[in-house]
Amino acid sequence: RRVLFRSRAVLFGSRVMNSLTDVLTIPDTQSARDERHLPIQRVGVKDVRYPLQVLVEGQAQSTAALWSLDVELPAEKKGTHMSRFIAWLDALDVPVQAANLRGLHEQMLKKLDATAGRLEAAFSFFLRKRAPVSGLSSLLDYQGRWIAETRQGHTTLWMEVAVPVKSLCPCSKEISDYGAHNQRSQVTLRVEVLKPIEWRELVRFAEESASSEIWPMLKSTDEKWITERAYENPKFVEDLVRDVALRLNADDRMGRYTVEVENFESIHNHSAYARIERDSRA
């Protein structure tokens, strides 16, 4: 029996060693040479939902982001290592901000053995707001986005935020005996970050340009204030997009930018839309 047991143990050990050898000798197909002579500008993973800590006014907010990560692949290389993108995400344990995003992106490129690539993270974050008259405090959600891209040794950082506001039509006010049609609008700002800027500051560029900003929790006195504020501050979609752009032009922390405004019209079954772009620093 002892001899039989030892024989089985030896056989089991041999199988384990053979399995380990097979694992160690699995070919790295992605690193093989490709003979089609075609580089790929962007290859990676898209729409990966993974946790993110975002720094808002000095405090870390935990949220879930929709990530898209890619790198540039040389013509002679067959493929990239897709699992390394997820490994990089899983090791991300610090709040993301403009001050560290460049370094984090460099770490991703190094992990993928790449010199060029892009990361994008879309997420929700919250700012605390106080109602204009009652002072009631509550949280309003905004849609944010980080983008970092490295090409030819240069890394560009972008911040994007979508801000809900209120707009009131100047034409409707002018032609009506009383009242004026108004609607909720969305202002989306995407700015090239030259120097760090807070999320609230970017949000305020939009809110201060609108007929009125909005709040999640209001009393009747607040509703009266907002209604009258918007009536005294009418804005076409063209007015709103230009006023936001003027504020961005006056701030040297931003380079290129895009401002989009969409008015979800209350008297039409379509939206009014406007967009301004700045391709380079004026």
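Visitor: Is Pro196 buried or exposed?

Guide: Exposed, going by this predicted model: Pro196 has a relative accessibility of 57%, and the cut-off for exposed is over 50%.

Visitor: Where does Pro196 lie?

Guide: Pro196 is in the loop that runs between β6 (182-193) and α5 (199-207).

Visitor: And how far apart are Pro196 and Arg253 in space?

Guide: Their C-alpha atoms are 7.0 Å apart, while 57 residues separate Pro196 and Arg253 in sequence.

Visitor: OK, switching to cysteines. How many disulfides does the count come to?

Guide: Zero disulfides.

Visitor: What's the accessibility of Cys169?

Guide: Cys169 has 14% relative accessibility, so it counts as buried. Cys171 is partly exposed, at 38%.

Visitor: Helices next. How does the length of α7 work out?

Guide: Helix α7 covers residues 237-249, which is 13 residues. At 1.5 Å a residue it should span 18 Å, and its end C-alpha atoms are 18 Å apart, so the two agree.

Visitor: Which residues of α7 are buried?

Guide: Val237, Leu240, Val241, Val244, Ala245 and Leu248. They take up an arc of only 130 degrees around the axis, so they sit on the same side of α7.

Visitor: Got it. What's exposed on the other side of α7?

Guide: Arg242 and Leu246 are exposed there.

Visitor: And α6, how far does that reach?

Guide: Helix α6 (residues 220-231) has 12 residues and reaches 17 Å from first C-alpha to last, close to the 16 Å expected at 1.5 Å a residue.

Visitor: Which residues are buried in α6?

Guide: Asp222, Ile226 and Ala230 are the buried ones. Their arc around the axis is only 60 degrees, which puts them on the same side of α6. On the other side of α6 you'll find Ser220, Lys224 and Thr227 exposed.

Visitor: What about the buried residues of α2?

Guide: In α2 those are Phe85, Trp88 and Leu89. They cover an arc of only 100 degrees around the axis, so they share the same side of α2. The face turned away from that buried side carries Ser83 and Asp90, both exposed.

Visitor: Where does Ile86 lie?

Guide: Ile86 is in helix α2 too, which covers residues 82-90. Ile86 is partly exposed, with a relative accessible area of 29%.

Visitor: Speaking of Trp67, which residues line the largest cavity?

Guide: Trp67 is one of them, along with Leu92, Val96, Leu101, Leu104, Leu119, Ala121 and Trp146. Two elements give two or more residues each to that lining, α3 (98-111) and β3 (117-130).

Visitor: How many nonpolar, polar and charged residues are in that lining?

Guide: Eight nonpolar, no polar and no charged.

Visitor: And how much space lies in the largest cavity?

Guide: About 30 Å³. A search of the whole structure turns up one cavity of 30 Å³ or more.

Visitor: Last topic, backbone angles. What's the phi of Asp47?

Guide: About 55 degrees, a positive phi, although Asp47 is not a glycine. Asp47 is placed in strand β1 (residues 40-56) and is partly exposed, with a relative accessible area of 48%.

Visitor: And what is phi for Gln152?

Guide: Near 50 degrees, also a positive value in a residue other than glycine.

Visitor: Where is the place of Gln152?

Guide: Gln152 is in the loop between β4 (137-151) and β5 (154-168). With 85% relative accessibility, Gln152 counts as exposed.

Notes: Residues are numbered from 1 along each chain as its sequence is written. This is a predicted model: local features need pLDDT of at least 70, side-chain atom pairs count only at pLDDT 80 or more; totals for chains, interfaces and linings use all residues. Side-chain values use heavy atoms; hydrogens and water are left out. On a 1 Å grid over the protein atoms alone, a cavity is a set of points where a 1.4 Å probe fits but cannot get out, and a pocket is an open set with protein on both sides within 12 Å along at least five of seven lines; lining residues have an atom within 4 Å of a point. Grid points are joined across faces, edges and corners, and a volume is the space filled by probe spheres set on the points. Helices (H or I, at least four residues) and strands (E, at least two) are DSSP runs, numbered from the N terminus. Ala, Val, Leu, Ile, Met, Phe, Trp, Tyr, Cys and Pro count as nonpolar, Asp, Glu, Lys and Arg as charged, and the others, Gly among them, as polar. A disulfide is a pair of cysteine sulfur atoms within 2.5 Å. Buried means under 20% relative accessible area, exposed over 50%, partly exposed in between (1.4 Å probe, protein chains only). The expected span of a helix is 1.5 Å times one less than its number of residues. The arc is that of the directions from the helix axis to the C-beta atoms.
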